[in-house]
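Hello,

Here is the structure I promised to pass on to you. Please open it alongside this message, and the notes below will walk you through what turned up.

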Amino acid sequence: MPQGSSQPLSPDPLHRVVVIVDANSNPFELGCATEIFGLRRPELGRELYDFRLCSPEPDTLMRDGFFTLSGVAGLEATETADTVIVPNRPDVAVPRRPAVLDAVRRAHARGARLVGFCSGAFTLAEAGVLDGRRATAHWQWADSFRARFPAVTLEEDVLFVDDGDILTAAGSAAALDLGLHVVRRDHGAEVANAVSRRLVFAAHRDGGQRQFVERPVPDIPDESLAPVLAWALERLDEPLTVADLASRAAVSPATLHRRFRAQLGTTPLAWLTGERVALACRLIERGEARLDAVARSSGLGTAAHLRALMRRETGLAPSEYRRRFGPSVGPG
């Protein structure tokens, strides 16, 4: 399986993402990383990342011998990476080889961003870079992780944890959520939405949502939230409340709350706030400079409320967000 690297269409250097693949790594998470960071983006008119795979050996047998990965770079590729995605595998009790752990430590020491998908949190913890930090892992391995790495603050039952320069995702599908979160951090909500559309995947699931979401077979009539979500998304600029959503769904607020928890793993108010902040981000990216206009159009009310929620949800004030992702920002 020969591997190439996405080449920039811009003269500016691209953020380099390097994925370490080790023996018995899971193909799914490798596919998630490739899909999000490695594909060309002609629909955007520019590339987002310089993407490479590397391995400690010339031929790497993937999980359960599904296939052999060959023709990729050696671990030296991590020395120039801006983001390193560490290897994961199902046999979490087997220690990683020292060369891989050393590469992770060196990358962390020079300031590279580290990402662990699923059991990749074990690799980060083995390398010692998670001591005193927050992380998450698949619920199936939570007890094992906590017993082996007591110095790490494990956050159970969340999709992913962003602890600044170290990010971890829980289960396999949460790798997509975390990957899109990274794109949103690097390039803004508009670009992340474009990537999610190509994936045909939810544009934004907050990291704090539950790993396991109850999805019972609905009774008749259909209890899907899709109609009321679509209705609300067209009216974010209006003074919608949870009571309005419940009325539209023809249920009580308590029933609506239970359905949101069961189907989305969040509350109606948290979902509504998240969608309004995402809309505010898109308006800023498209050039709207008046914060009061952004606040009104996104349903957040006032500029002060907008500032508070944007800082809470994105970690950036509106002015900082505009500097990073506004229309004057070049494609590099």
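This is a predicted model: local features need pLDDT of at least 70, side-chain atom pairs count only at pLDDT 80 or more; totals for chains, interfaces and linings use all residues.

Across the pairing, Asp162 stands opposite Leu167 in E10.

Strand E6 (residues 113-117) pairs with E10 in the parallel sense, over four bridges. Here Leu167 turns up again, as the bridge partner of Val115.

What covers the picture for E10 itself, buried or exposed faces? Both faces of E10 (residues 166-169) are covered: Ile166 and Thr168 are buried on one side, and Leu167 and Ala169 are buried on the other.

Next, follow the chain out of E6. Cys118 is in the loop between E6 and helix H3 (120-126). Its phi is near 55°, which is positive even though the residue is not a glycine. Most residues other than glycine have a negative phi. Cys118 counts as buried because its relative accessibility is 3%, under the 20% cut-off. Cys32 is buried too, with a relative accessible area of 4%. As for disulfides, a search of the whole structure finds zero.

Now for the helices. Two packed helices are described by the angle and the distance between their axes. The axes of H7 (residues 226-233) and H8 (residues 242-249) come within 9 Å and cross at roughly 130°, so the two helices are oblique to each other. The crossing is right-handed. On the H7 side, the contact is made by Val228, Trp231 and Ala232, and on the H8 side by Asp244, Leu245, Arg248 and Ala249.

One last stop is Ala250, in the loop between H8 and helix H9 (253-263). Ala250 is not a glycine, yet it has a positive phi of about 60°. With a relative accessibility of 66%, Ala250 counts as exposed, because the cut-off for that is over 50%.

Happy exploring, and do write back with any questions.

Best wishes

Terms used
Residues are numbered from 1 along each chain as its sequence is written. Side-chain values use heavy atoms; hydrogens and water are left out. A disulfide is a pair of cysteine sulfur atoms within 2.5 Å. Buried means under 20% relative accessible area, exposed over 50%, partly exposed in between (1.4 Å probe, protein chains only). Two strands pair if DSSP finds at least two bridges between them. Axes are lines fitted to C-alpha atoms, for helices over the stretch in contact, and angles run from 0 to 180 degrees between N-to-C directions. Angles under 35 degrees count as roughly parallel, over 145 as roughly antiparallel, 65 to 115 as roughly perpendicular and the rest as oblique. A crossing is left-handed if the near helix is turned anticlockwise from the far one by less than a right angle, and right-handed if clockwise. Contact means heavy atoms within 4.5 Å.
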